[in-house]
Amino acid sequence: RNETVEQICAYLAANYQQKFSLSEVAAKFYISPYYLSRLFRRVTGQSIVDYINGRRIEAAQRLLESTDLNISAVAEQTGFASAAHFRRVFREVMDISPLQYRKKQTK
């Protein structure tokens, strides 16, 4: 348990739609990017990128289940740089494509 990491997690969870750089997040919390990366992994067991992608995928799942937005719009609203990147990360995390996920949820 680490207060700084908890604050960083809260910040990332609240702002997952934004584009982040490790340097920007580190500067916001007055620590070095290297220290942030090491501390975050030690406390959470995952990298910052994996944490942010996890929050984005959770949000994408909600959008896929509750809206008719196309995949590109879901990718954009959840902070992914492109629809292709979104599809790749979604498949890595969920072992299923976003479109297949939506079809499965609407059955």
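Which residues in H4 meet which residues in H7? Keep that question in mind while the tour starts with the whole chain.

What you have open is a predicted model, in which local features need pLDDT of at least 70 and side-chain atom pairs count only at pLDDT 80 or more, while totals for chains, interfaces and linings use all residues. Residues are numbered from 1 along each chain as its sequence is written, and side-chain values use heavy atoms, with hydrogens and water left out.

**The whole protein.** Show the C-alpha trace, which spans about 45 × 20 × 20 Å along its principal axes. The protein has 7 helices and 0 strands, where helices (H or I, at least four residues) and strands (E, at least two) are DSSP runs numbered from the N terminus. From the N terminus on, the elements therefore read α-α-α-α-α-α-α.

**H1 and H3.** Select residues 3-14, helix H1, together with residues 33-44, helix H3; their axes come within 10 Å and cross at roughly 95°. Axes here are lines fitted to C-alpha atoms, for helices over the stretch in contact, and angles run from 0 to 180 degrees between N-to-C directions. That angle makes H1 roughly perpendicular to H3, since angles under 35 degrees count as roughly parallel, over 145 as roughly antiparallel, 65 to 115 as roughly perpendicular and the rest as oblique. Now show the side chains of Val5, Ile8, Cys9 and Leu12 in H1 and of Leu36, Leu39, Phe40, Val43 and Thr44 in H3, which make the contact (heavy atoms within 4.5 Å). By class, this contact of H1 with H3 has 8 nonpolar, 1 polar and no charged residues; Ala, Val, Leu, Ile, Met, Phe, Trp, Tyr, Cys and Pro count as nonpolar, Asp, Glu, Lys and Arg as charged, and the others, Gly among them, as polar.

**H4 and H7.** Next select residues 48-66, helix H4, and residues 98-105, helix H7, which pack at an angle of about 50° with their axes 9 Å apart. That makes H4 oblique to H7. Here is the reply to the opening question: Gln61, Leu63, Leu64 and Glu65 in H4 meet Pro98, Tyr101, Arg102 and Gln105 in H7. The contact of H4 with H7 has 4 nonpolar, 2 polar and 2 charged residues.

**H6 and H7.** On the H6 side the contact is made by Phe86, Arg87, Phe90, Arg91 and Met94, and on the H7 side by Pro98, Gln100 and Tyr101. These residues divide into 5 nonpolar, 1 polar and 2 charged.
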